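Here's a quick briefing to read alongside the model. Have the viewer open and follow along.

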Amino acid sequence: MNSLRLRSLPHLLLALVLTFAGVQQASAQAADVKKEGVAPGATAAATPATATAPAAGGGDAAAVAAGDALFKGNCAQCHAVNEQVVGPALAGITKRRPVSWLIPWIKNSSKVVASGDEYAVALFNKFNKQQMPSFALSDKEITSILAYVTSQEGTATAATGGATAGNAAQADGKADATGAEAGAGKYMDILLIVLVVVLIVLVVTLVIIGNLMKDVLRGRKDLDGRDIEILEQRFDWGKLYRSPVLRGIVGAVFALVLLYEGVQSVMAVGLTQGYQPTQPIAFSHKLHAGEHQINCAYCHTSVYKAKSANIPSANICMNCHSQIKTESPEIKKIYRAIERKQPIQWVRVHNLPDLAYFNHSQHTQVAGLQCQTCHGPIQNMEVVYQYSALTMGWCINCHREMPLNTKDNKYYDNLVKLHDTKNAGAPFTVSSNGGTECSKCHY
């Protein structure tokens, strides 16, 4: 009976150690999941905009809805319907000027000003000769924007109140989420500390109990030879150290660790995930794309129509900053660049090798991917960093998992039918259309 008690002590200690290791591993996995973010093929949408107020001025509902989207994507950075922002308030614009005048003005205001139009020149001078950018919009798109503006006239209080309430609710939601996240992390830390203390107390208690049991057993006279042998045995550390098996295991583990680290080092050559260079101007995507919800295409004008997403020129910055925060030291850097007729020396963050073909518009315009799919939570970044690995394996995994956008595209009709015939129930992914063939990206 006594020998069984002594034998159970190491097993109990081992169980406690394994329990503690399991708790640590679970905590580490939870932290990894929290840090992992958006996986390839997933979409992390930007913070949603608040809902627009109901149409107040009538008009075709479809045109108003289309105008709403176009207004937010092209006009909302400088204009509001019922109040002046950078440019004038747009309420009553169709009463001040006819649509036949507004269409060429929106398409190319510089041309209208240059023509000597009295109203255009007066407006240009009134706003400190601030040039409105040209827009490649159709007449139908412009009239839908005007329909939306007309529908919002006279809704300043409701719209402002709704926006304020929406922003407040959004801020509260963010605060609650952040508070809950911080609280969960805090409680996890406290739980780990408590478990460590409890384990230490248990181990010390078991050691004390073990020593007391040995002292009690040594004083007994009815122990047989086997109990005495167990009681007096000592662990031979020297024998363990001299064991060829142990030395072989340690050597093999050491060699495998070196091999693993070597392979990881080689595989990491050219991998720039997490790269976060210091930019010449402290531009905050969190402020512009997050808080102010400026559409990415407003600054990166070629993001939906070109092979690469361009870096904005200084004149795009001046559309707003000729009026806003003009005394900021960072904004003055833009002024100096313009005065010296030199481009701002932005540092490129995302850079694919020349041997790989990549078309930005094919992913944004055709596939309909959100910016966050590849660039991560860009709307939360003060300083932009490379969120995704952008390795070949990362791209191929996305092509294997991402369903292809075939809606209203007759090009894919026969391909989808053929795919469904051979792979019933399986999604038609980019890979199904040859998206993992070498020649798609290397040719």
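Predicted model: local features only at pLDDT ≥ 70, side-chain atom pairs only at ≥ 80, totals over all residues.

Residues are numbered from 1 along each chain as its sequence is written, and side-chain values use heavy atoms, with hydrogens and water left out.

**Overall picture**
- The protein chain has 20 helices and zero strands; both are DSSP runs numbered from the N terminus, with helices being H or I of at least four residues and strands being E of at least two.
- Of its 443 residues, 26% count as buried, and buried means under 20% relative accessible area, exposed over 50% and partly exposed in between, using a 1.4 Å probe on protein chains only.
- Take the contacts (heavy atoms within 4.5 Å) between residues at least 6 apart in sequence: 68% of them join residues at least 24 apart.

**Nonpolar cores**
- A nonpolar core here is a set of buried Ala, Val, Leu, Ile, Met, Phe, Trp, Tyr and Cys residues joined through side-chain atoms within 4.5 Å.
- The largest one has 24 residues, and Phe71, Trp105, Leu137, Ile145 and Val149 touch the most other members.
- At least two residues of this core come from each of helix H2 (61-74), helix H4 (99-107), helix H5 (109-114), helix H6 (118-126) and helix H7 (139-152).
- H7 gives the largest share of this core, at six residues.
- Leaving aside residues up to four places away in sequence, Trp105 touches Val112, Val113, Ala120, Leu123 and Met132.
- There's also a second, separate core of nine residues, which includes Ile281, Ala314, Ile334 and Ile344.

**H4 against H7**
- H4 and H7 pack at an angle of about 110 degrees, with their axes 10 Å apart; axes are lines fitted to C-alpha atoms, for helices over the stretch in contact, and angles run from 0 to 180 degrees between N-to-C directions.
- That angle makes H4 roughly perpendicular to H7, on a scale where under 35 degrees is roughly parallel, over 145 roughly antiparallel, 65 to 115 roughly perpendicular and the rest oblique.
- On the H4 side you'll find Val99, Leu102, Ile103, Ile106 and Lys107, which meet Asp139, Ile142, Thr143 and Leu146 in H7.
- The residues of this contact split into six nonpolar, one polar and two charged, where Ala, Val, Leu, Ile, Met, Phe, Trp, Tyr, Cys and Pro count as nonpolar, Asp, Glu, Lys and Arg as charged, and the others, Gly among them, as polar.

**Enclosed helix H14**
- Helix H14 (residues 314-321) is largely enclosed by the rest of the structure, because seven of its eight residues are buried.
- The buried ones are Ala314, Ile316, Cys317, Met318, Asn319, Cys320 and His321.
- They pack against helix H12 (285-291), helix H13 (296-299) and helix H15 (329-339).

- Ser151 lies in helix H7, and at 0% relative accessibility Ser151 counts as buried.
- Lys325 is found in the loop between H14 and H15, has a phi near 50 degrees, a positive value in a residue other than glycine, and counts as exposed at 53% relative accessibility.
- Asp408 lies in the loop between helix H18 (392-401) and helix H19 (413-422); its phi is near 55 degrees, again positive in a residue other than glycine, and Asp408 is exposed, with a relative accessible area of 74%.
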